[in-house]
Amino acid sequence: MAEEKVDVLIIGSGHSGGMAAKVLTEKGISCLMLNAGPVVDFKRDRELKPAYELPYRGFNMPGRLPHVFQANEFNANTWVDEKEVPYTYTPQQSYNWVRVRLFGGRSLFWARQSFRLSDYEFKAKDHDGFGENWPITLADLAPYYSRVEAIFRVRGHADGLPQYPDGNFVVDDSPWSGSMQRFIAAGKKMNVPVCKARSAMGVDGLASSINLLLPDAFATGKLTAVPNVVVRQLTVDKNTGLADGALFVDRHSRREMSVKARVVVLAAGCLESTRLLLNSGLENSKGAGLANSSGVLGHYLIDQVYGPGIVCSVPEARDGKATPGLMGGSALIPRFRNITTKSKNFIRGYALNVYSSTRPMDPRNFADYGESLQKKMDSYEGSGFSINMMGEVLAHYDHSVSIDKKVVDAWDIPVLHVDTKYTDNEFNMARDAVDTSIAMTEEAGFEVLSKNYDPNPPGYSIHEQGTCRMGDNPKTSVLNKWNQSHDIKNLYVVDASSFVSGGWQNPTMTILALSMRASEHLAEQMQLRNI
Amino acid sequence: MRRRDFVKAIVAVPVAARTMFGQQSAAPQSAATAALPPAAETAPTATHDKGFFDYKAHPIAASVPDGFATTQANFFNERQMATLRKLCDVLLPPLNGYPGATQAGAPEFIDFLIGASPADRQHMYRAGLDRLNANAEKQFHVPFARVDAAQADKLIRPWLRTWMPDHPPKERFASFINLAHQDIRTATMNSQAWSIAATATGERAPGIGLYWSPIDPDIQMYV
């Protein structure tokens with residue numbers, strides 16, 4: 001069969017690819033979406049089971065998914081197995097690359113925290129001189145954030161803080177629990193704002209590409225979606241230098257195929273998109289990757305610091321004595337460091353997730369065992385109060401990914417090598433986050449039971465960003481402010497690889513807003529016949 | 001359309017398609033050849049899956065072996081296993097109508113689990129059990145398996161720590177004691193015996209979760 005040229009080839013079906021498909025098809029543009037993994041049948045593929053029916057009694061299968069700390073025996077089959085799709089990393093610098101290749105990608109499983117970046121992130125260099133500014137501001141992206149928040153039904157409360165921009169919320173006017181009120185009062189004494197968390201409610205229990213974006217695209221009749229095909233590399237027209245399609249392989253049979261396209265939109269997830277660009281350029285004269293005249297493709301890898309935190313107990317809630325409304329609820333402390341003051345040993349900042357629990361305590365919070373431990377757990381049940389950090393990671397040139405030509409995945413595609421680590425800025429920030437959490441909870445009269453100062457390995461947050469960053473200068477960035485390649489005008493990269501800095505915020509709302517904005521720009525350019 | 005009719009319709013499609021394809025054949029079949037049944041026509045459904053289209057599944061009450069069988073412990077040596085059994089008895093005895101770790105088969109399950117684990121975890125367990133036993137011999141002149149409750153407390157309590165998930169204590173022996181404690185509790189509370197006890201006391205059994213089956217697994221993994 002002769003190859004038919006598709007209008008737009010979208011690689012990836014998660015939040016960024018789903019948004020691109022929705023925007024483009026609703027403007028009448030035909031799209032072909034390729035996804036590396038299968039479609040989930042939510043009835044067939046899931047069932048409630050007791051742990052004792054599983055082969056390893058609820059323990060992870062030993063040795064499986066060693067870098068996916070989120071994995072357990074119940075959900076192990078949803079993650080990418082690194083035996084099938086390996087990656088390498090610099091010795092002593094372990095990296096947790098947490099991946100999902102199911103149709104819909106990681107949009108099926110995200111934590112739904114829904115934040116806007118502020119100009120403290122978009123214009124970070126203006127504040128402290130480090131790194132680069134984004135080529136856009138909050139004002140540029142705000143209209144798109146609003147539309148995304150409406151689609152995802154983000155519940156939140158307007159707080160009027162410049163570092164925690166308000167949005168188009170389903171208003172959260174729920175009352176604070178008593179324990180939270182005490183914590184808020186402690187925060188006021190220390191000039192630390194305690195706000196309502198913001199979260200995507202979604203529809204029918206899901207806030208995913210597959211239920212909020214792709215159905216609209218399919219409804220247009222303009223979207224063709226193909227699961228179980230692994231894209232090997234993009235192809236380029238040698239005469240024009242433009243992207244003209246992709247080579248891909250059937251996941252099951254290993255049948256090699258190709259497709260031609262007028263435009264390519266990469267939305268495979270931050271590091272997979274960069275891997276694809278790097279692999280696509282392996283055979284060129286420089287071997288430096290496609291769309292990489294700047295030489296920064298693969299560089300400036302960032303994520304967010306997760307792991308440091310504390311667990312406390314609210315004394316008045318012990319022994320079943322909690323009064324109604326004392327416990328429960330969550331809060332968010334947005335970044336408060338280096339806004340109006342300057343921290344002595346780190347720049348940028350972190351946020352804190354705060355939870356008041358009515359549930360049993362984790363036994364790890366007590367240095368005890370046997371009957372004595374059980375009595376403590378009975379006594380402390382329903383009194384838990386915990387805080388966890390989400391910290392910004394600075395973008396360094398040498399924190400990077402490249403192709404490891406010595407290792408290939410199950411489809412003979414060269415794998416990614418990750419070379420990154422946290423620096424003193426992240427470690428100092430983590431220490432401040434835990435010490436501040438302890439000070440606030442002690443001020444509130446809570447008992448600190450356990451604490452951890454050590455960040456989880458880089459990548460753990462599943463918020464990898466950068467490596468294909470945007471900017472106004474083609475010599476220092478891969479994409480322009482529309483997520484369009486400086487080098488190849490019919491190539492767009494719409495996932496988090498475009499990020500210049502990451503802040504502390506869950507990146508999902510920003511990914512969605514950027515993809516919406518980029519896709520509308522692409523549609524306009526196609527209508528103007530500029531592409 | 002009833003499901004049975006729908007299934008029949010699907011089954012009929014390949015036959016119809018073959019008939020249409022046959023009509024396009026340039027060379028007419030001879031009478032003798034045409035009288036023979038098409039060789040491929042009966043092959044796909046004639047044997048093992050015959051009748052399955054009409055079969056309405058009956059539930060099968062499947063069970064697990066833990067309720068009547070014992071896991072054979074064969075990873076730890078005899079002394080290490082005795083130490084592990086004692087550690088299980090001490091850290092999680094029967095309480096409030098719930099089985100202890102031993103009654104839930106936790107020592108044998110952990111022997112199996114660690115035997116299947118990466119080398120560093122195996123080493124941590126073996127070295128940890130050996131050291132616990134050596135400490136008992138040194139302090140009380142008996143194997144750990146024979147210490148009394150007070151002696152066990154003196155051997156274990158100094159090493160207990162509070163810690164958060166993914167961040168166990170950094171000292172090697174403290175890490176073993178606290179991780180083993182966590183493993184023993186998980187192996188016990190996720191056991192069938194614990195689930196039965198929870199049901200008997202009218203509480204919701206722990207360890208029930210949403211299990212994801214392998215989703216369209218890569219067929220090349222099996223060839």
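In this predicted model, strand β5 of chain A, which covers residues 154-156, runs parallel to β6(A), and 2 bridges join the pair. Within this pairing, A:Gly156 stands opposite A:Val171 of β6(A). The two strands belong to an open sheet of 3 strands in chain A, arranged in the order β6-β5-β7 with mixed pairing. At its edges lie β6 (170-171) and β7 (199-200) of chain A, each of which pairs on one side only.

Attention now turns to the place where the two chains meet. The contact draws on 63 residues of chain A and 54 residues of chain B. Together the chains bury about 5,000 Å², and carbon and sulfur atoms account for 60% of that area. On the side of chain B, the residues that lose the most area to chain A are B:Met164, B:Tyr211 and B:Trp212, which together make up 17% of what that side buries.

Polar interactions also feature between the chains. There are 25 residue pairs in polar contact between chain B and chain A, counting pairs with both residues at pLDDT 80 or more. The elements of chain B that each give two or more residues to the side touching chain A are α3 (78-91), α4 (106-115), α6 (149-156), α7 (172-189), α8 (192-200) and β1 (208-212). Of these, α7(B) supplies the largest share, 6 residues. Sorted by class, this side of chain B has 27 nonpolar, 16 polar and 11 charged residues.

Salt bridges between chain B and chain A number 5. One salt bridge brings together the side chains of B:Asp218 and A:Arg254, with an N to O distance of 2.7 Å.

Strand pairing crosses the chain boundary as well. Strand β3 of chain A (residues 46-50) and β1(B) run antiparallel and are joined by 5 bridges. Here, A:Leu48 stands opposite B:Leu210 of β1(B).

Technical notes
Residues numbered from 1 in each chain as written. Chains lettered and ligands numbered in written order. Predicted model: local features only at pLDDT ≥ 70, side-chain atom pairs only at ≥ 80, totals over all residues. Heavy atoms only, no water. Contact = heavy atoms within 4.5 Å. Buried area = accessible area lost by both parts, 1.4 Å probe. Salt bridge = Lys/Arg side-chain N within 4 Å of Asp/Glu carboxyl O. Polar contact = N/O pair within 3.5 Å; in protein donor to acceptor, adjacent residues only side chain to side chain. Helix = DSSP H or I, 4+ residues; strand = E, 2+ residues; numbered from the N terminus. Nonpolar A, V, L, I, M, F, W, Y, C, P; charged D, E, K, R; others polar. Pairing = 2+ DSSP bridges.
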